[in-house]
Structures are given as C-alpha cells and as structure tokens.
Amino acid sequence: MKAVVIGAGEVGYHIAKFLSLTHDVIVIENNESALRRADELDVQVVEGNGANADILASVLPDVDILVAVTGIDEVNIVACMTAKLIIRSHHGWKETKTIARVSNPDYIDVPVTSRAQVGVDIMICPELALASEVAEVLSNPSAIDAEMFAGGKVQMMEFAIRPDNRYVGKYMQDLKLDDCCIVSAIFREKEIIIPRGDDLIKANDRMVVVGKPSAMENLESVFGDKESHRNRILLIGCGIVGFYLAKIIDKDENADLKIIEYRKSRCIEVAEVLENALILNGDGTDVSLLKEENIEDMDVVVAVTDSDEKNLLCSLLAKQMGAKKVIARADRSDYVPLFEMVGIDIAVSPRAATVNEVLKLTMGKGIETLATLEGEKAEIIEYTASRQSKIVGKALSKVKFPKGAIITMVVHKNEVIIPRGDFIIWEGDRVIVFALSSAVPHVEKLFK
C-alpha cells in the first residue's frame, strides 16, 4: 500500500513513522530542517509545496491515502481538493482517501467530520479532539484518560491507583466493580499486564477499565474520593482548545469553572458566550492571583495555552500550591512522558487524534473507533463483525485469539455484554478489543 503525507512537522512526522511500517510512504515538505528529520525514516522525501498540482500528479498514481497535516489549514484543504481533481481526470487511477488537519473554527466545529463535497474525506481538528478528550477525563475526577465506543454505549477510563487506596496489596478478584465493568489492562512501570484474578494490585498501577457509562459513574468510590461534591475546575488559557473545552464544561451542572486568560479582548469575547464561568484577566503563573482564587481548593487545573513551557510551569505551580490534579497540554509529543515524569498528572497531545484517524483508515473496514494507550504500546479498538469475519459464529473458547489481546465488551442488538468462553459473536456485533500493538495485526485477521 502507498501513502502520501504532506507536512513533516510534529503530526506529519509521527504519521509517516507509523505508516512506514506497513506502507510505501512519500513525504512532501518545503522546510529544510523538517525534511532532514523525515529523511531519517524509511520514507521517500519530496521537497516542495504539497498543494502544488505538478508535485501531486507525480506522486499520486496508486496512492491509497493522502494525509495533509501542514500548519496551514488552507494548504491542507487545497492539497486534498487538488488530489481528488487530479485522480478524477485520470481514469483508471486508484481512488485515494484524503485526510486534512484543520484548526480554524470557521472550517470545523467538531473534532472529526467529513467534507467530501470539497474533496476532504476526513477533516480533523486536533485541538477540538484534545478538548473533547480532556472533557471526558473531567467527567470523572479520578480518571486520567477516557474514550467512548459503540456510539456512547461503552466507555473506557484509565485510573491511577494512589498509595492510600484501600485495594493496594489486595488481589484483582477482591476489586468490587459493577457487573458491567471489566479491567482490561494494568500499566505498571514499563510493563503492560492483562490481569487475572490472582494478580496483585500495587501502588501507582494504572488500570484501564471498560464498561457501560452508567456503571462507570460508580468508579469514583473505588478509585477516588468517597465524598462527592461539585467539580472545581481552573482553566488556564482560552484559545481554540481552551474555549472549546470551556463550552463543554460550562454546560455541566456539577462543575464550577474559572478561567484565567491574559488577553483582555479574548476575556470579553469568552464572557459573552459562557453563562456560568468566572473569567479572570491575568497570567496563569501569577502566584498572587492563584492564591486569591484559592488554587488549593481546585479539583483540577487544566493548562492549555499555546506554549508547552508555559503549560508546564502553570501546572507545576498549581500542583505545588495544592491543586488535587493537574492536566497540561503538550503540542510536542516527546514532552508528554517528560511532563508526567516531573509531576504532571496528565499530559495530553493534540496529535493523537490525527494519528488515530489515520490508523483507522489504514487498518481496513470494520474499525469504528480506535484509541492508542501508553505511548502507543497498546490499543483499544472497536470492530464491527461482518459475515466474512473468521470470529463470527464460533464460541470464543474455540477461537485462537492472539496472546496480548482480549475481548472486553460486545454490543449485541443494543445490549452491552462482557463475553465469556461460551459467548458467540454474530454479524453486526460491535466488539471492543484491548490489544498490545504487536498483537493488533493478528486480531485484524479474525475480523477480516
């Protein structure tokens, strides 16, 4: 298979790196340093403007997927439009799927959409996807990651086991979860464990739990505080990410939101839209301001300015001054583990959404949702079983499922089920699978 990646910045580089494992990849970029970095990968590098019709015509024959992820929305959209026009003018050329990264709210108001009428099969806004991801985490104060599957019928959450948690030192079989919840995996230092009943729970373990959203609401008593109260949130930075996130939080009746934004004009704009938030014109690193706003009482502080360094500083200050949980945006994905290493509870990167959408498109039919975990070492994938799927019509105990993968949930005729060995998957069932990245190709074969 063949892929074209336009733009070799942070997002483009990582997409090219992923795709180069299974595709012949051509990277188009006009920045010299980005070109040199991309040249280190197993890809063909072309210097130039990715929206240039002559350059596109020279690389497009037999291309399966074109991903335009430069930092300029218009270049990405024009590149996709041009690619579609070139392909249509050459009868017999393979139909190419196009993906464009777009940030301007004038072009996109949801994280992922389609604009097929203008030649863009999938339009992604990484900033809006990031805000949605953070909003999911905020819905449960103890969670450090969250994702929805099967049209909202199944939810995944990741929790950190604090040293004072009552289950530390006990076995997995002692964990009291609702019937519609299951622990899919445990992340322990550099180890990824698919747990059994006799596995011991240790301090600082991170557990991935999958279940019905209604059942997940009760997990706060297992992984967090027993006392429930309104969620006190401080948001630092109200750009594209901050504003989209603020609009989601503003509708939550159980949340008290304060926003710190240094641009006065932006504060006025935001105040006209948000009904319930308190907007403060100031700097998120101003210790006096943080003290005045009782930072020590905050359940969550979210730093989403356009500067990774500022986000780190704001979050560390908030943590030092007593905030219970801090979340920081890190546009540079290699900063994510570093942020968490120095004490940030959750570091989030916008590139994950774009990478996930590209992976879905390249992994073939039947994949509805995909979430990468633990620095892309593991994935939770939602498959729709087809009539041709090898897994259909057999008891799971008779299916040779690969090591390092587990079926966690099945949605059968709108019913959410934790499958046992005698369960049979039928055509149309939506199957949620946790898998180590090394096991994913073997799982895919069962659903083809």
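**Figure 1. Arg430 and Glu382 form a salt bridge through their side chains, 2.8 Å from N to O.** A salt bridge here is a side-chain nitrogen of Lys or Arg within 4 Å of a carboxyl oxygen of Asp or Glu. Arg430 belongs to strand S23 (residues 430–436) and Glu382 to strand S20 (residues 378–384), so the pair ties together parts that are 48 residues apart in sequence. Helices (H or I, at least four residues) and strands (E, at least two) are DSSP runs, numbered from the N terminus. Glu382 is buried at 0% relative accessibility, whereas Arg430 is partly exposed at 25%. Buried means under 20% relative accessible area, exposed over 50%, and partly exposed in between (1.4 Å probe, protein chains only). The model is predicted: local features need pLDDT of at least 70 and side-chain atom pairs count only at pLDDT 80 or more, while totals for chains, interfaces and linings use all residues. Residues are numbered from 1 along each chain as its sequence is written, and side-chain values use heavy atoms, with hydrogens and water left out.

**Figure 2. The whole protein has 14 helices and 23 strands.** Its radius of gyration is 23 Å, close to the 22 Å that the globule rule gives for 448 residues, so the protein is as compact as a globular protein of that length. The radius is taken over C-alpha atoms, and the globule rule is 2.2 Å times the number of residues to the power 0.38. The C-alpha trace spans about 65 × 60 × 40 Å along its principal axes. Of the 448 residues, 55% count as buried. The protein exposes about 20700 Å², with carbon and sulfur atoms supplying 49% of that area. Accessible areas come from the Shrake-Rupley method with a 1.4 Å probe; for residues, only the protein chains shown count as cover. Among contacts with a separation of 6 or more, residues 24 or more positions apart account for 61%. Contact means heavy atoms within 4.5 Å.

**Figure 3. Helix H4 covers residues 73–89.** From first C-alpha to last, the 17 residues of H4 reach 25 Å, close to the 24 Å expected at 1.5 Å a residue. That expected span is 1.5 Å times one less than the number of residues in the helix. Buried residues of H4 include Asp73, Asn76, Ile77, Cys80 and Lys84.

**Figure 4. Lys84 and Asp121 are joined by a side-chain salt bridge of 2.9 Å, N to O.** Lys84 lies in helix H4 and Asp121 in strand S7, so the pair ties together parts that are 37 residues apart in sequence. Lys84 is buried, with a relative accessible area of 5%. Asp121 is also buried, with a value of 18%.

**Figure 5. Arg196 and Asp198 form a salt bridge, their closest N and O atoms being 3.8 Å apart.** Arg196 counts as exposed at 58% relative accessibility. Asp198 counts as partly exposed at 48%. By the salt-bridge rule, the count for the model comes to 19.

**Figure 6. Glu147 sits in strand S8 (residues 143–149).** This residue is partly exposed, with a relative accessible area of 25%. Beyond its neighbours within four places in sequence, Glu147 is in contact with Val154, Gln155, Met156, Thr369 and Ala371. Glu136, 11 residues away in sequence, is 7.0 Å from Glu147, C-alpha to C-alpha.

**Figure 7. Tyr167 is placed in the loop between strand S9 (154–160) and strand S10 (181–188).** At 6% relative accessibility, Tyr167 counts as buried. Not counting residues up to four places away in sequence, Tyr167 touches Asp174, Leu175, Lys176, Ile201 and Val222.

**Figure 8. Leu316, Leu338, Met341 and Val342 form a nonpolar surface patch.** Together these residues have about 380 Å² of accessible area. Patches are made of residues with over 30% relative accessible area and no salt bridge: like charges are joined within 9 Å, and nonpolar side chains (Val, Leu, Ile, Met, Phe, Trp, Tyr) within 5 Å. Leu316 lies in helix H11 (residues 308–320) and counts as partly exposed at 31% relative accessibility.
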